[in-house]
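Here is a briefing on one protein model. It goes from the overall fold to single residues.

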Amino acid sequence: VSTQSTWEMEKLHSRVLPYCEATMKEAAARIKLGKVVSFPTETVYGLGANALDKDATTLIFTTKERPMNDPLIVHVTSFDEAKDLIDIDDNCLKVYELLAKKYWPGPLTIVVKANDKKIPSTVTAGTGCVGIRCPNHKIALELIKLSGFPIAAPSANKFGHVSPTNPQHVEQDFINNDVLIIDGGSCSFGIESTVAKIVAEKEKSYLIHILRKGGISEESLQKTILESELSKVFSLRVEAKAHVAPAGPKEEAKTLFEAPGMLLKHYSPRLDTYIFDDFETLPSSLLPLSECALIDFAQLHCTHSLKVGWYHDLSLKGDVEEAIGKIYEYLRLAESQPNIKRIFLANMKSGKTESKISSHKEHTEALYDRMFRASAGKIYLSQYLQ
């Protein structure tokens, strides 16, 4: 085999490299050249490129096989960096600064009107707005600084698949793509950031509209604005967006999504997945239990652990944050098990489940959101599956 053809073969494969000075220099050089790099954050691994380069951000979409109507989040190292990328008035900037200085670095993405002289339309997906956050991870921050550019990055997985929380997940999805993966170990939180849009309702009146639930809870945002000095002169309120799915694939393709993670089917394993309340109603004619995977919470359904083909509990003690840290890993593990054909997820919104929650209850909505989208909204009732 010639040297040239060997190089071409290597070029089409992802590479996991250890975090070190040499790896970071190579990764930064790739960003400068308009290539993609996968890097860890506190939430999930990202697939990043220069946020100011239209061709580079387009490469994210083609590598990930992501539709162009799904916007990208831009990652920066500070509030001052973010200010150059947005186009808002002084009052809106005060609200933006309140949120950024409270939650950055951290899992809050703030959406406002983009500076279209700097942010390409590929990043905004034609909406004219950009979501920006400062990640709470030393490798992510170092990569942004070394490259000299803000980095646009969705999760580092093929579109619609389960998000990656370790470098092996990224490698599995991009085995035949030219992606350098920086090994930063497992992500500390485990699901994506909260996405909140600042909406001016009238003069000095703003809505903090939660478009995607994530690492910052609605309760925390409510508390922050209520306790802020700004609330004495501005009218501020927080509201979570109710999910309304497009009528079908054609309508979904035409929709300009305000934030990533808003499609009904998202973060999904490659097996049929359902949320369920009660395993006792499962019809015996459906599938042998030996062909089902059960992802439980707080031992609610542990009596079925030996009947199903694969069983794992997200948190034996009922800790929602622990469950968040495991949900993507367990979905990927479940889909990889031989002879498993269907995945069942304990319903985080059932009365039985809520009574078992011991800590971090404020993150229940975010966890349920990921389960809901992983299952494409299929909540198990026996008549649906007979």
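What share of the contacts in the protein with a separation of 6 or more comes from residues 24 or more positions apart? Such residues account for 70% of those contacts, where contact means heavy atoms within 4.5 Å. The model is predicted: local features need pLDDT of at least 70, side-chain atom pairs count only at pLDDT 80 or more, and totals for chains, interfaces and linings use all residues. Residues are numbered from 1 along each chain as its sequence is written, and side-chain values use heavy atoms, with hydrogens and water left out.

**Overall fold**

- The protein has 14 helices and 15 strands. These are DSSP runs numbered from the N terminus, with helices (H or I) of at least four residues and strands (E) of at least two.
- Of its 386 residues, 55% count as buried. Buried means under 20% relative accessible area, exposed means over 50%, and partly exposed lies in between (1.4 Å probe, protein chains only).

**The sheet**

- An open sheet holds 11 strands with mixed pairing. Their order is S1-S8-S2-S3-S7-S4-S6-S5-S9-S10-S11. Two strands pair if DSSP finds at least two bridges between them.
- Strand S1 (15–18) and strand S11 (235–240) stand at the edges. Each has a single partner strand, so one side of each lacks a neighbour in the sheet.
- Strands of a sheet pair through backbone hydrogen bonds, either parallel or antiparallel.

**Strand S5 and its neighbours**

- Strand S5 (residues 108–113) pairs with strand S6 (residues 129–133) in the antiparallel sense, over 4 bridges.
- Ile-110 stands opposite Ile-132 in S6. Val-111 has Gly-131 as its bridge partner in S6.
- S5 and S9 run parallel and are joined by 4 bridges. Here Leu-108 stands opposite Thr-194 in S9.
- Of the 6 residues of S5, 5 are buried, so S5 is largely enclosed by the rest of the structure.
- Leu-108, in strand S5, is buried, at 0% relative accessible area.
- Leaving aside neighbours within four places in sequence, Leu-108 is in contact with residues including Leu-99, Tyr-103, Ile-132, Ala-196 and Leu-221.
- The C-alpha atoms of Leu-108 and Lys-213 are separated by 9.6 Å, with the two residues 105 apart along the chain.

- H5 lies across S5, S6, strand S9 (194–202), strand S10 (205–212) and S11. It runs at about 165° to S5. Axes are lines fitted to C-alpha atoms, for helices over the stretch in contact, and angles run from 0 to 180 degrees between N-to-C directions.
- Helix H5 (residues 90–103) and helix H9 (residues 218–227) have axes that come within 11 Å and cross at roughly 120°. That makes H5 oblique to H9. Angles under 35 degrees count as roughly parallel, over 145 as roughly antiparallel, 65 to 115 as roughly perpendicular and the rest as oblique.
- H5 passes H9 in a right-handed crossing. A crossing is left-handed if the near helix is turned anticlockwise from the far one by less than a right angle, and right-handed if clockwise.
- H5 contributes Leu-98, Leu-99, Lys-102 and Tyr-103 to the contact, and H9 contributes Ser-220, Leu-221, Thr-224 and Ile-225.

**Helices H11 and H13**

- Helix H11 (residues 320–335) and helix H13 (residues 364–374) pack at an angle of about 15°, with axes 9 Å apart. That makes H11 roughly parallel to H13.
- The crossing of H11 and H13 is left-handed.
- Residues of H11 including Val-320, Ile-324 and Leu-331 meet residues of H13, among them Leu-367, Arg-370 and Met-371.

**Buried Asp-70**

- Asp-70 sits in the loop between helix H3 (54–64) and strand S4 (73–75).
- Asp-70 is buried, with a relative accessible area of 0%.
- Not counting residues up to four places away in sequence, Asp-70 touches residues including Phe-61, Phe-159, Phe-257 and His-266.

**Backbone exceptions**

- Most residues other than glycine have a negative phi, and most peptide bonds are trans.
- The peptide bond from Trp-104 to Pro-105 is cis, with omega near -10°. Pro-105 is in the loop between H5 and S5.
- Asn-339 has a positive phi, near 75°. Asn-339 counts as exposed, at 63% relative accessibility.
- Ala-376 has a positive phi of about 55°. Ala-376 counts as partly exposed, at 22% relative accessibility.
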